[in-house]
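This report describes selected backbone and packing features of one structure. The sequence and coordinates are shown below.

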Amino acid sequence: MSEQTVYNNYFYDEPVYDLHDGGYVPLEHADVPEQPLNVPAVLKPDKVDGNDVWYTIRAQAGETQILPGQKTKTWGYNASLLGQTIVLKDGVHYHVHIVNDLPEVTTLHWHGLNIPGPITDGGPHAPVYPGKSRDIEFTLNQPAQTDWIHPHPCPNTARQVWQGLAAAVVVTDDIEGKLPFPRDYGVDDIPVVLQDRSYHDNQLDYDADYDMDGTLGKYMLVNGTINGVFDVTTQRVRLRMLNGADRREYRLHFSDDHEFTQIASDGGVLPEPVQMKKVMLTAAERAEVIVDFGDYKPGDRVQLMTDDMPVMTFAIGDFERDDTVLPAHLVDIEDWQPTPGLPVEKTVMSGMDDEVLLDGKLFDMQRIDRRQQVGTVVDWDVTNTNEMDGGMIHPFHMHGCHFLILSRNGHAPYPNEHGFKDTVGVNAGETVRIRVKFDVLGVFMYHCHILEHEDTGMMAQIEAYDPDQPQTYHLLSMDDLMTKPE
Ligand SMILES: [Cu+2]
């Protein structure tokens with residue numbers, strides 16, 4: 001990257017932006033007074049003993065003041081809506097007690113954590129029934145990044161996320177810890193969980209708003225706040241932006257086209273910082289950006305926008321001068337070379353509405369669709385066969401691993417795609433070549449992250465195996481999942 005390059009481009013193919021979809025719901029201004037942006041508290045551990053840390057995560061129902069008047073019935077993790085932020089560190093052994101206080105079965109999926117599947121990872125094989133709990137443990141072994149937790153009980157993932165289940169996970173490590181990034185949580189380092197919702201007499205009504213191609217809402221929320229305002233008290237602020245929507249793509253920019261610097265994507269810190277004025281996130285993607293407010297003066301305000309709609313406001317206050325310059329090179333990205341003799345895997349996302357398929361099939365919880373040996377490096381061609389005219393972007397997500405993006409239809413990946421990813425938006429008519437390595441054993445999901453597509457069955461399973469450690473997995477059927485044991 002030349003140091004002068006400032007990208008002013010969403011990179012994606014404009015003809016397949018979600019706003020061209022027949023069922024597109026435009027965002028509207030919410031007639032709601034500005035309010036302080038909700039910055040979720042950090043979840044406190046139950047216990048810390050040396051390198052072992054214990055947490056309880058409770059999926060619960062509650063009420064949240066989102067709009068003036070009646071509160072909204074919402075769900076959250078240790079909160080009435082969304083959840084407390086979970087801060088994890090590479091190398092630590094975690095014990096997590098998951099409690100379900102909701103009236104229906106759920107699971108707790110750690111999106112972006114490379115932990116064993118299918119139980120620890122929290123996909124559909126790991127139900128937690130109402131009034132019950134589940135205990136998992138894992139040692140974290142991965143670089144610093146912004147991840148998240150959300151439910152994954154196919155076919156009810158989309159509705160449960162709509163109801164409010166989602167929380168940011170911040171992974172830290174010693175390498176990121178030495179980089180000159182803001183990291184004072186809540187002050188100059190905040191999660192920005194982007195979602196859109198509609199309300200009916202102040203209540204959510206998923207069935208009323210349901211769209212098979214991904215449910216869209218009329219109003220923008222950040223961390224559950226409509227028209228949120230964040231008080232800027234430091235020159236540089238790090239935004240951990242997460243697309244937590246069921247479907248909507250966010251095309252983000254500032255109201256005055258202010259530049260910002262992307263420093264990380266889904267799988268951690270980018271090899272080089274990328275200067276930009278625009279960034280697009282498809283469902284479940286993350287981008288960490290640093291915004292330098294040094295050119296503003298106290299009292300100024302600037303808005304983060306998606307398309308032409310404000311997302312949130314930054315109110316500039318007093319701050320000390322900060323002349324930190326980011327290094328041109330941030331981290332080394334491991335140079336994975338494909339394991340000789342292994343063919344390119346091909347996976348195909350096809351259809352729209354009720355015709356979505358992955359590799360020509362619907363999801364079957366008891367079918368393992370492919371296998372990859374842990375430690376091997378395999379290239380995959382991920383194809384979206386939708387027509388450019390009238391098709392859509394399908395965000396492809398893999399559990400249990402990260403991947404590198406090698407090319408898009410043979411062209412170089414976007415400038416902010418040079419780090420590790422776990423979700424990649426695939427344009428209509430496009431084949432994205434990715435390089436995949438699993439380090440942990442398990443049966444893992446890979447799927448479209450438009451949650452309604454996933455629930456319809458645009459999902460499949462891969463076993464990451466080691467011939468020296470054969471495993472037997474008990475794979476639930478969907479009926480098993482939905483049947484509460486006595
Ligand atoms: Cu899709």
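Between which strand and which helix does P155 lie? P155 is in the loop that joins strand 10 (145–150) to helix 1 (157–163); helices (H or I, at least four residues) and strands (E, at least two) are DSSP runs numbered from the N terminus. The model is predicted, with local features requiring pLDDT of at least 70 and side-chain atom pairs pLDDT 80 or more, while totals for chains, interfaces and linings use all residues. Residues are numbered from 1 along each chain as its sequence is written.

**Backbone geometry**

The peptide bond from C154 to P155 is cis, and so is the bond from G117 to P118. P118 occupies the loop between strand 8 (109–111) and strand 9 (133–139). Positive phi values occur at L82, a residue other than glycine, and at N202, which is not a glycine either.

| Item | Angle |
|---|---|
| G117 to P118 | omega near 5° |
| C154 to P155 | omega near 15° |
| L82 | phi near 60° |
| N202 | phi about 70° |

L82 belongs to strand 5 (residues 82–83), whereas N202 is in the loop between strand 12 (189–197) and helix 3 (206–209). L82 counts as buried because it has 29 C-beta neighbours inside 10 Å; N202, with 14, counts as partly exposed. The classes are buried (20 or more other C-beta atoms within 10 Å), exposed (12 or fewer) and partly exposed (in between), with C-beta atoms placed from the backbone.

D369 lies in the loop between strand 24 (357–358) and strand 25 (370–373). D369 is partly exposed, with 17 other C-beta atoms within 10 Å.
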